[in-house]
Amino acid sequence: MKLSRRRRQRIVRVAGYVVFVLVIVAVVASADWGRLSDAFFRGDIARGMFPEAITVALRNTIIYTLLAFVFGLTVGLILALMRLSSILPYRWAATAYIELFRGLPALLVLFMVGYGVPLAFPDREIPGGVYGSVTVGLGLTAAAYMAETIRAGIQAVPKGQLEAARTLGMSHTRAMVSIVLPQAFRIVIPPLTNEIILLTKDTSLVYVLGVTPATIELTKFAGDTLNTRVNPTPLVVAGLLYLLITLPLSQVVRALERRAARER
């Protein structure tokens, strides 16, 4: 009996599910759960991390993320407009910035901001202490990525709308601010939300700036607790707290993408 193409595909799909379930069952059955529990799921150690894990570490992680995102979005918007400018030096400068900071690791940029800037300008300091250094360090890197995202959003807006606005007597600047940018940002909201998720994870690099107990973030907090208790349970707790931030944001991105797909 010859099977139809649809039936063959269904059999292959079911077989894939069965293999996946068998692999999971085999892994679960072969694991030493008692040893894993002692190593990664010590309740007494996890309870000892609270409330500081929420009131200090998680709070600082969120603050660092938001500050860097606002800074990066502001600089990214300026860079995107420079990339689209008719003035050649502006385009060159924006392109050079974007290529430079997209090519440098965020850890290196943080290190340069935290230690290079004070050496270069000993009589000046970045306002806000560690918060200011994190804002600039992570924001500079994020701006390079957001600039390209915003530029793509601007270019996705039909040129006829800008031309129509100019026909009505609007200046180029007013037409860009009133007509083009609102539509561009509506287009790029999902990828910008993804950038928040990436920045949240990048805050784990803040330790290079020498944080204090008041400015500590999740990864450093978990690492210090691990060193004190000699047990990796704090890393599991930190991972769950990161997911507390990133999973809702991921759902927001999916919802926005579905909405954008329906509107096309």
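This is a predicted model: local features need pLDDT of at least 70, side-chain atom pairs count only at pLDDT 80 or more; totals for chains, interfaces and linings use all residues.
Two packed helices are described by the angle between their axes and the distance between the axes. Helix α4 spans residues 52-83, and helix α7 spans residues 130-156. Their axes come within 5 Å. The crossing angle is roughly 45 degrees. Helix α4 is therefore oblique to α7. Roughly parallel would require an angle under 35 degrees, and roughly perpendicular an angle of 65 to 115. The crossing of α4 and α7 is right-handed. Sorted by class, the contact between α4 and α7 holds 23 nonpolar residues. Another 5 residues in this contact are polar, and 3 are charged.

L77 belongs to helix α4. The relative accessible area of L77 is 23%, so this residue is partly exposed. The cut-off for a buried residue is under 20%. In sequence, L77 and T149 are 72 residues apart. In space, their C-alpha atoms are 9.4 Å apart.

Helix α7 also meets helix α5. The axes of α5 and α7 come within 8 Å. They cross at roughly 125 degrees. This angle makes α5 oblique to α7. Roughly antiparallel would need an angle over 145. The crossing of α5 with α7 is left-handed, whereas that of α4 with α7 is right-handed.

Helix α5 itself covers residues 88-103, a run of 16 residues. From its first C-alpha to its last, α5 reaches 23 Å. That is close to the 22 Å expected at 1.5 Å a residue. Four names make up the list of buried residues in α5: A94, Y97, I98 and F101. These residues cover an arc of only 95 degrees around the axis, so they lie on the same side of α5. The other side of α5 carries W92 and G103, which are exposed.

P51 sits in the loop between α3 (43-48) and α4. The peptide bond that joins F50 and P51 is cis, with omega at about 5 degrees. P213 is found in a loop as well, between α9 (172-202) and α10 (218-229). With a relative accessible area of 72%, P213 is exposed. P213 and A57 are 156 residues apart in sequence. Their C-alpha atoms, however, are 8.9 Å apart in space. P248 lies within a helix, α11, which runs over residues 233-263. The relative accessible area of P248 is 45%, so P248 is partly exposed. Along the chain, P248 and G223 are 25 residues apart. The C-alpha atoms of P248 and G223 are separated by 25 Å.

Backbone geometry also draws attention to V230. Most residues other than glycine have a negative phi, and most peptide bonds are trans. V230 is not a glycine, yet its phi is positive, at about 50 degrees. This residue is placed in the loop between α10 and α11. Its side of the accessibility scale is clear from the value: V230 has a relative accessible area of 69% and is therefore exposed.

Terms used: Residues are numbered from 1 along each chain as its sequence is written. Side-chain values use heavy atoms; hydrogens and water are left out. Axes are lines fitted to C-alpha atoms, for helices over the stretch in contact, and angles run from 0 to 180 degrees between N-to-C directions. Helices (H or I, at least four residues) and strands (E, at least two) are DSSP runs, numbered from the N terminus. A crossing is left-handed if the near helix is turned anticlockwise from the far one by less than a right angle, and right-handed if clockwise. Ala, Val, Leu, Ile, Met, Phe, Trp, Tyr, Cys and Pro count as nonpolar, Asp, Glu, Lys and Arg as charged, and the others, Gly among them, as polar. Buried means under 20% relative accessible area, exposed over 50%, partly exposed in between (1.4 Å probe, protein chains only). The expected span of a helix is 1.5 Å times one less than its number of residues. The arc is that of the directions from the helix axis to the C-beta atoms.
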